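Biologist: I would like to go through this model feature by feature. Please give the general idea each time, then the case at hand.

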Amino acid sequence: MPPTARADRPDSPSVPAGSDLSTLASLRRLLPTVRPALPRLVAGLVAALGASLAALAIPRVLQVLVEGPLAAGAAAGDPAALLWPTLAVLALGLLEAGLILLRRTLVMYPGTRVEAALRTTLFRHLLQLPASFHDRWAGGQLLSRSMTDLGLLRRWLVFGLLQLVVSTITVVVGIAVLVATAGWLGLVYLVGAVPVVVIAYRFSRRYRVIARTSQDQSGDLANTVEESVHGIRVLKAFGRGGDALESFTGQAEQLRRTEIRKAGNQATVTTALHLIPEATLAVCLVLGVWSAAEGQLTVGALAAFFLTAAVINGPVVDLGMTLSMTLNARTAVDRFFEVVETANPLTDPAEPRELGTVRGEVTLRDVTFRHEADEPPVLDGVDLDLPAGTTTALVGLTGSGKSTLAMLLPRLHDVTTGSVRLDGVDVRDLRRHDLRRAVAVAFEEPTLFSTTVRENVLLGVDDSLPAPERERLLHSSLDVARAGFVHDLPQGVDTRIGEEGLSLSGGQRQRLALARAIAARPRVLVLDDPLSALDVTTEEAVTRGLREVLAGTTSLVIAHRPSTVALADRVAVLSDGRISAVGTHRELLARDPHYRYVVASLEEDWVAHEHETDLTQEAR
Ligand SMILES: Nc1ncnc2c1ncn2[C@@H]1O[C@H](COP(=O)(O)OP(=O)(O)OP(=O)(O)O)[C@@H](O)[C@H]1O
């Protein structure tokens with residue numbers, strides 16, 4: 001089975017957080033974001049109501065026309081008497097059309113603004129949330145929440161919401177007009193509204209669940225596409241393209257079935273909402289004609305009654321669509337708030353300590369770390385000193401927790417217990433911005449952004465530095481990382497590199513990521529196996545350059561190869577969640593059997609890794 005779905009991650013919480021709220025309470029959470037747009041939305045609502053009232057007024061004019069000038073004019077052979085009522089109907093029609101246009105114009109801008117504001121809020125929060133959140137949440141789910149769900153929400157705000165309010169008011173006012181026009185006949189029409197309400201209520205309960213399933217499934221599908229495109233080389237290399245397609249087709253089929261269920265439910269309710277008012281109208285027709293024949297109702301009142309009922313029938317029939325739009329919007333709001341209301345445990349302290357000039361001394365004391373409270377600890381009582389200006393290699397068997405430990409330094413994770421200190425200050429007492437200016441990281445998996453080489457490398461460099469200084473940093477860090485290949489790119493350092501730098505080789509990407517970490521001139525540099533994708537010759541050249549840069553910088557280098565270990569002044573061995581030995585490479589080789597075992601297994605892994613890299617490159 002190809003890794004098209006992140007089976008280890010919940011794609012979305014199984015019990016939606018907003019599900020215990022009523023639809024109204026759930027949607028009300030949008031109010032703070034919608035508030036600035038409220039005046040235009042309310043103006044749009046007034047315009048829409050005006051249009052509906054104009055439509056409702058037309059039958060009344062027709063009643064006057066039928067009962068007055070039409071009868072009299074026709075009898076006297078005086079068609080001129082029809083002029084004014086006809087002009088009134090025309091004016092009302094034009095007013096209705098004008099108000100509909102005004103409504104559209106008024107609500108279009110606030111709708112897009114609210115959508116953009118919500119999208120920014122979501123993205124800002126995603127950037128704030130810790131790495132552990134992104135470990136748990138699939139990218140496709142976040143993508144579909146920020147794109148599809150917010151698009152649904154905008155359409156509901158500019159159309160569904162207004163339609164719902166206007167339809168409700170039109171129906172209520174319309175029924176009042178019916179009662180005023182035809183007395184008990186209006187009450188008969190009102191009785192017909194009871195099954196409509198019951199059906200609409202039952203439909204909403206069913207549809208809410210289907211809407212949630214459909215939006216979650218479309219997030220899962222987006223995730224599959226994202227992962228398959230991301231991992232296209234692996235899928236091709238292992239000949240698993242067909243399996244990926246099968247998995248995608250399965251998910252797409254599941255979504256299609258849900259959409260069919262959704263459409264089926266909508267069709268059923270729309271049919272019912274069509275039939276009931278029409279049937280009610282038929283009953284009213286029989287009763288109305290009988291009543292007119294008995295002289296209890298004038299012909300004009302009867303005509304006005306049916307024209308008004310026809311105006312009301314429109315919103316009743318549309319109720320199915322407006323309700324489903326509202327329920328889709330409610331689901332979108334729930335899914336939005338599930339992310340936005342995820343508490344961020346990695347916040348800045350209320351009273352942050354100032355860092356001043358950083359020496360770069362790092363100490364870890366009795367550090368325990370577990371991903372979840374009920375999981376065993378990855379780190380369990382780690383004590384480690386990184387004296388200022390020294391380079392320490394962190395070595396351990398695979399899965400021993402080296403990357404986890406490295407992530408504690410810039411607070412990508414927070415310790416569960418114990419402390420990490422920079423120059424004696426607990427990193428949790430510092431602003432994250434200050435801390436991350438002082439501590440830079442180059443990860444083994446180098447992520448590059450879809451922008452120029454220059455912007456990628458200068459990502460961590462202070463924007464306020466003068467341009468010549470930034471330029472110097474750019475070139476010197478590219479030099480150290482032996483990334484001279486960028487000068488051969490079509491526009492040199494101004495060449496846009498592809499999504500995640502995929503148009504570059506693994507080794508080239510790794511060198512740019514290394515250059516980025518060096519260019520930030522941190523006092524503490526964390527390198528998570530930064531040379532793993534380099535060939536031996538390039539690795540030697542980079543190592544020579546790095547040695548100069550590392551002199552004077554406190555560095556923690558996670559090493560998977562003896563050559564990387566050689567960069568370090570000393571080596572710390574991570575075993576069973578704690579530091580089991582610290583010393584020079586030679587000392588540890590001489591006295592620590594576990595270190596000898598780790599080095600031997602790393603050498604084996606390295607040979608296997610080289611072989612696998614060759615295979616993947618051949619597959620390309
Ligand atoms: N998000 C997570 N939730 C639960 N466990 C995790 C998570 N991320 C990593 N782990 C587990 O934590 C342990 C340490 O992982 P870590 O990546 O720190 O090891 P490592 O020593 O850097 O491994 P390697 O040398 O293979 O890169 C592993 O057992 C891993 O499965």
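Modeller: Start with strands: two strands pair if DSSP finds at least two bridges between them. Helices (H or I, at least four residues) and strands (E, at least two) are DSSP runs, numbered from the N terminus. This is a predicted model, in which local features need pLDDT of at least 70 and side-chain atom pairs count only at pLDDT 80 or more, while totals for chains, interfaces and linings use all residues. Residues are numbered from 1 along each chain as its sequence is written.

Biologist: Do strands S3 and S9 run parallel or antiparallel?

Modeller: S3 (residues 391-396) and S9 (residues 570-575) are parallel and are joined by five bridges. Thr392 lies opposite Arg570 of S9. On pairing with S10 (residues 578-583), S9 again has five bridges, but in the antiparallel sense. There Leu574 has Ile579 of S10 as its bridge partner.

Biologist: How do I read a nonpolar core?

Modeller: It is a set of buried Ala, Val, Leu, Ile, Met, Phe, Trp, Tyr and Cys residues joined through C-beta atoms within 7 Å. A residue is buried if 20 or more other C-beta atoms lie within 10 Å of its own, exposed if 12 or fewer, and partly exposed in between, with C-beta atoms placed from the backbone. The largest core has 75 residues, and Leu394 and Ala517 touch the most other members. Helix H15 (residues 506-519) contributes the most, seven residues. Another core, apart from this one, has 57 residues, including Leu30 and Cys284.

Biologist: Why is H15 described as largely enclosed?

Modeller: Because 13 of its 14 residues are buried, the rest of the structure largely encloses H15. After H15 comes Arg521, with a positive phi near 45 degrees.

Biologist: How is helix length checked?

Biologist: Where is the kink in H6 centred?

Modeller: A bend is the angle between axes fitted to the seven residues ending at a residue and the seven starting there. In H6 the kink is about 50 degrees, centred on Trp156. Just past H6, Gly183 has a positive phi of about 55 degrees.
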